[in-house]
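Welcome to this structure. Here are some notes to read alongside the model, point by point.

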Amino acid sequence: MSRLRYFARRTAITAVLIFMVASALFVFFRLMPGDYSALLIQQGMTPDQAAKLEAKWGLNAPLHEQYFKYVVNLLTADAGQSFRHGSPVWELVRPRIINSAILVFPAITATYIIGSVIGTIIGRYRGGFLEKSSIITVSMFHSIPDFFLGILLIAAFSSTLGIFPTSGMLSTQTSIMIQDQPFWHRFLLKEFWMHYALPFATITLYFMQYPALIMRNSVVEVSDQEFLHYHRLKGLPRGKLLRKLMRHASLPVITLYPISLATSISGLVLIEIVFNWPGIGRLLVDSVLARDFPVIQFVFLVAAVWVILGNFVVDLLYGVIDPRVSVAGDGNE
């Protein structure tokens, strides 16, 4: 199988998985007890208004017609309308996805860079106090629930020391002042980075265990391979030898990186609640409390797509990063 055919096959499988998840979410939310009419009436609408909205969204149509309309709407980037806000779901979710990505991607990236360095050092100089203390430290941070770790950082650096704000992306006053500015303008403000520091640190400390320990084990394994003994006999300087060691030992860490990006969305919910961060985790909780089913359904779909695409990227990275990994049959055709 050529790499192009493998890529096409994996792309098709990924598309089918996303379609299956979207279909499963449709069935799940339609099988839930209660109906949309009762929910709309509970939210203050008259029965006539609720009936009109049902007709508009096709909620009073047969199930197969609802499903067809649901699929067509998703293909045309129409995720429905929020019951709570009265605005299109995509317009409501899109800025929250950006806010979550701004928090997760840099934090996980920093985690893997710092964790890889720590893992290289303790793997290279194993058996001493540095290795034992580093393993205990990163394991301790990961053993603490992520939301409780955030609370501890708030208690230490906000309530006690008063260095960082406790929550939010910006203060209410600053948000009002820059509401007419471009979205990226907030990233130029010192206040944003002060609010950003604690949730960033929470994610970084919590996920540090994975890259540090995996890199440590990989370094221990690679250190005994023949090519490193050859470079030592050649008299390669210590710095260059360490770089070669890191490059060859980094494959397991690199391939785990997209998986951590994908799975980290599960921890975003509690972290965003603790820090009142306006991301999709916070939006999901607010929507559940308000029983805003169109938003809940779409956020679940976004989370599933996030995970599926993360695994898709990992599959492609294996064949690109490590020349020893090849597609079955590649080179025999």
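1. Let us begin with Arg 282, which is partly exposed because its relative accessible area is 24%. Here buried means under 20% relative accessible area, exposed means over 50%, and partly exposed is in between, with a 1.4 Å probe and protein chains only. The side chain of Arg 282 meets that of Asp 286 in a salt bridge, at 3.6 Å from N to O. The term stands for a side-chain nitrogen of Lys or Arg within 4 Å of a carboxyl oxygen of Asp or Glu. Both Asp 286 and Arg 282 belong to helix α15 (residues 280-290), where they sit four residues apart, about one turn of the helix. Helices are DSSP runs (H or I, at least four residues), as strands are (E, at least two), and they are numbered from the N terminus.

2. A word on where this comes from: the model is predicted, so local features need pLDDT of at least 70 and side-chain atom pairs count only at pLDDT 80 or more, while totals for chains, interfaces and linings use all residues. Residues are numbered from 1 along each chain as its sequence is written, and side-chain values use heavy atoms, with hydrogens and water left out.

3. How many salt bridges does a search of the whole structure find? There are two. Glu 131 counts as buried because its relative accessibility is 7%.

4. Next, have a look at the surface. Ile 113, Ile 114, Val 117, Ile 121, Tyr 125 and Leu 130 form a nonpolar patch there, with about 540 Å² of accessible area together. Patches take residues with over 30% relative accessible area and no salt bridge, joining like charges within 9 Å and nonpolar side chains (Val, Leu, Ile, Met, Phe, Trp, Tyr) within 5 Å. The areas come from the Shrake-Rupley method with a 1.4 Å probe, and for residues only the protein chains shown count as cover. Helix α5 (residues 89-124) gives the largest share of the patch, four residues. Ile 121 is found in α5, and this residue is partly exposed, with a relative accessible area of 37%.

5. How do the helices pack? α5 and helix α9 (residues 190-207) meet at an angle of about 50°, with their axes 9 Å apart. That angle makes α5 oblique to α9. Axes are lines fitted to C-alpha atoms, for helices over the stretch in contact, and angles run from 0 to 180 degrees between N-to-C directions. Angles under 35 degrees count as roughly parallel, over 145 as roughly antiparallel, 65 to 115 as roughly perpendicular and the rest as oblique.

6. Helix α7 (residues 146-160) also packs with α9, at an angle of about 135° and with the axes 9 Å apart. α7 and α9 are therefore oblique to each other.

7. Val 21, in helix α1 (residues 3-31), is 284 residues from Val 305 in sequence and 8.5 Å from Val 305 in space, C-alpha to C-alpha. Val 21 counts as partly exposed, at 25% relative accessibility. Ser 264 is placed in the loop between α13 (251-263) and α14, and 8.4 Å separates its C-alpha from that of Ile 108, 156 residues away in sequence. Is Ser 264 buried or exposed? Ser 264 is buried, because its relative accessible area is 4%.

8. Finally, please look at Asn 276, in the loop between α14 (265-274) and α15. Its phi is near 50°, a positive value in a residue other than glycine. Asn 276 is partly exposed, with a relative accessible area of 37%.
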